Amino acid sequence: MKKRILAAAAMLLCLPLGACEGKNQPARELTVFNLCEYMDPKAIEMFTLETGITIKYEEALTAEDMYTKYKAGGIDYDLLCTCDYMVRRLIAEGEVQPVDFSSFEYGKNIGQRYWDYATAYDPGNKYSLPYFWGTVGILYDTTKVHGPIDSWDVLFNGEYSGEIIMQNSMMDTYIVALKYLGYSLNTTDEAEIRAAQDLLVAQKPDVSAYLVDEARDEVVAGNATMAVVYSGEAYLGREYNPNLDYVIPKEGTELWIDSWLVTKNCKDPDAAKQFLDFLCREDVAQMNFEYIYYSTPNEAVLNGLSDEERADEALAPDPDSCQNSEICLQSDAATTELLNELWKELRGN
Amino acid sequence: MDRNRKQRQLLALPYVLWSIAFTVIPLLVIIRYAVTDKDGHFSVSNLLAFSTPVNAKAFLISLEIALICTVICVLLAYPLVMVVRRLRISRMTFMLFFLIMPMWMNFILRMLALQMILSNNGILNMIVTGLGFQPLALANTKAAVIIGVVYDYLPFMMLPIFNTISDIGEDVLEAASDLGASPLSVFFRVILPMSLPGLKSGITIVFVPSMTSFVIADILGGGKIQLIGNIIEQEFTRSTNWNLGSGLSAALMLFMLVGMSFTIKDDILPSHPVKDEEGEKKEAPGGEGISRRAVL
């Protein structure tokens, strides 16, 4: 989902630059654990310059990797940035501490809408601060489609047989079918899941390929007409090929949010809150937005966008287009096992 | 002499430690996982899972692809070797270097490059349509996977065969011709039988890995071709069912052990051991030892 390997090494090189400030104050330090390539390195330098608090910065490739490393307990992390269902899991396991976000100076920059979305995995918004978010939708080549694309239907009605790229990842494939059938993507009803399976099996001959990272590139290169992709990928795709467009189908889709958490063993909760507040500040949020180009929940940044950017569903989806969408919370073990089995069947079909 | 032998055996110690740490122990861990269920109780259900329809189908496709690829590699390797062996030494070195050079590049990178070449709007189709033919629909098919496997493993087939054939003296071939054998029968009655050890190790080195590969199928098959390797990978990474993954791996290993027993036997015990003065067994020409040396 968020594979940003390349800049990881570059970022590590930048770290020592900001590390020798604030000699007179007692040395304060935060250990921050973020997803790869998920913050402008300049923001970290800036924070240390302004506050004298040193940041030890670490990155993980996936939320699962982060969880494993955090749980291993070798390093005492103070702050974590991870994805929605992992936030829910960490809260349930008592690994994080509550934070009063209303005390934040810049907390108001995060729009109410995103706090509301976040209640799906953090009821009452007690623990997590939304950082970036996005959707799953259809990236398509406007020169190759006939008629408007606004529904998952185009993936299943056979009209674009052989021109479709689906995601080669279990959940990202099933959510499409579940939403198209009008079910919740968090369903645990076996009949609904099997209906989605039948739909996907019937669709397979029409699918050109199941890909992950290359899904976007295949549409950019003109090898496929449309692909199911994450909104961040779609935005980048349009940078390469202006004929592409991204749509959130009207049946709804998966909505994902990455959030910040303060760990239960955080050595300096005040410094941690100071850092989170800093991330909400307009100039810092702007910097990170320009570095990452995922949808930001920061309204101060959103207000500064051009009209064209605001109209871009890959960058700033409006509330209406997200109306039927849900956050994927990862179902119980039995459902996951069923999905794993069906996914193998689908791939082997 | 006995002490000498002991000392020499001592030299193998680093390798013995290495294989205990990275072959024997992991293998035991795999087997332990394979014969237990998630709660740690003894169970053979993970081994038997090999025969469920989904797994059996993936296994048969893997077998089919591995067999086709091995046959294609053999058919490509022999003519190539016959040409290369006639070259002067300097050219021969260059040709071998040329064959091995692609292996210096990262494997994933080569597969991604091949993916672009084979894609619908790729270089291959540009050439094909440029010549006035219909574009080929190779991308994301079994054929693309086969091309990828053959491309990747051809050197491993070619080098052992080359090693055995280059050991055949020119006088032997001349003698065959002088006695009236046509070029074809020289090949089939002299060269082919004499190169069998190389052919066998080539088959082992090509067939086994292509049977278990999953990356090529993911990249060139567009996720539409599911091999047994893909299933095992999924059990370990996404489904985190290590017991089932290990069970399938163990069953697959067992199958290959049985299937490959004829070549493995030949590699360990040369069919015609030659005794030298010290009474040591000499490796039959072109055993795996030689081919490995050439590859490295």
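Chain B and chain A bury about 1800 Å² between them, of which 36% lies on carbon and sulfur atoms; buried area is the accessible area (1.4 Å probe) that two parts lose on being put together, summed over both. B:Lys224, B:Gln226 and B:Gln234 supply 28% of the area that chain B buries against chain A, more than any other three residues. The contact joins 22 residues of chain B to 20 residues of chain A, where contact means heavy atoms within 4.5 Å.

The structure is a predicted model, in which local features need pLDDT of at least 70 and side-chain atom pairs count only at pLDDT 80 or more, while totals for chains, interfaces and linings use all residues. Residues are numbered from 1 along each chain as its sequence is written, chains are lettered from A and ligands numbered from 1 in the order in which they are written, and side-chain values use heavy atoms, without hydrogens and water.

Three salt bridges are counted between chain B and chain A, a salt bridge being a side-chain nitrogen of Lys or Arg within 4 Å of a carboxyl oxygen of Asp or Glu. B:Asp218 and A:Arg347 form a salt bridge through their side chains, at 3.5 Å from N to O. Twelve residue pairs are in polar contact across the interface of chain B and chain A, both residues at pLDDT 80 or more. A polar contact is a pair of N or O atoms within 3.5 Å; within protein, one must be able to donate a hydrogen and the other to accept it, and residues adjacent in sequence count only if both atoms are side-chain atoms.

On the side of chain B that touches chain A, the elements giving two or more residues are α4 (53-85), α6 (107-118) and α13 (228-237) of chain B. Helices (H or I, at least four residues) and strands (E, at least two) are DSSP runs, numbered from the N terminus. The largest share of that side, four residues, comes from α13(B).

Chain A itself is divided into domain 1 (6-133 + 256-310) and domain 2 (134-254 + 318-348), with bounds from an automatic or database domain assignment. The contact takes 14 residues from domain 1 of chain A and 13 residues from domain 2 of chain A. The C-alpha centres of the two domains of chain A lie 29 Å apart. Domain 1 and domain 2 of chain A bury about 1300 Å² between them, with 60% of this on carbon and sulfur atoms. Across this interface of domain 1 and domain 2 of chain A there are zero salt bridges and two residue pairs in polar contact, both at pLDDT 80 or more. α4 (84-92), α5 (112-118) and β9 (255-262) of chain A are the elements that give two or more residues to the domain 1 side, and α4(A) provides the largest share, three residues.

The confidence by chain is tabulated below; pLDDT is the predictor's confidence in each residue, from 0 to 100.

| Chain | Average pLDDT | Residues scoring at least 70 |
|---|---|---|
| Chain A | pLDDT 89 | 92% of the residues |
| Chain B | pLDDT 84 | 88% of the residues |

In chain B, residues 268-296 have pLDDT below 50, and this stretch has 35 contacts in the model beyond near neighbours in sequence. In chain A, pLDDT stays under 50 over residues 5-23, for which the model has 23 contacts beyond four places in sequence. The model scores ipTM 0.72 and pTM 0.77.
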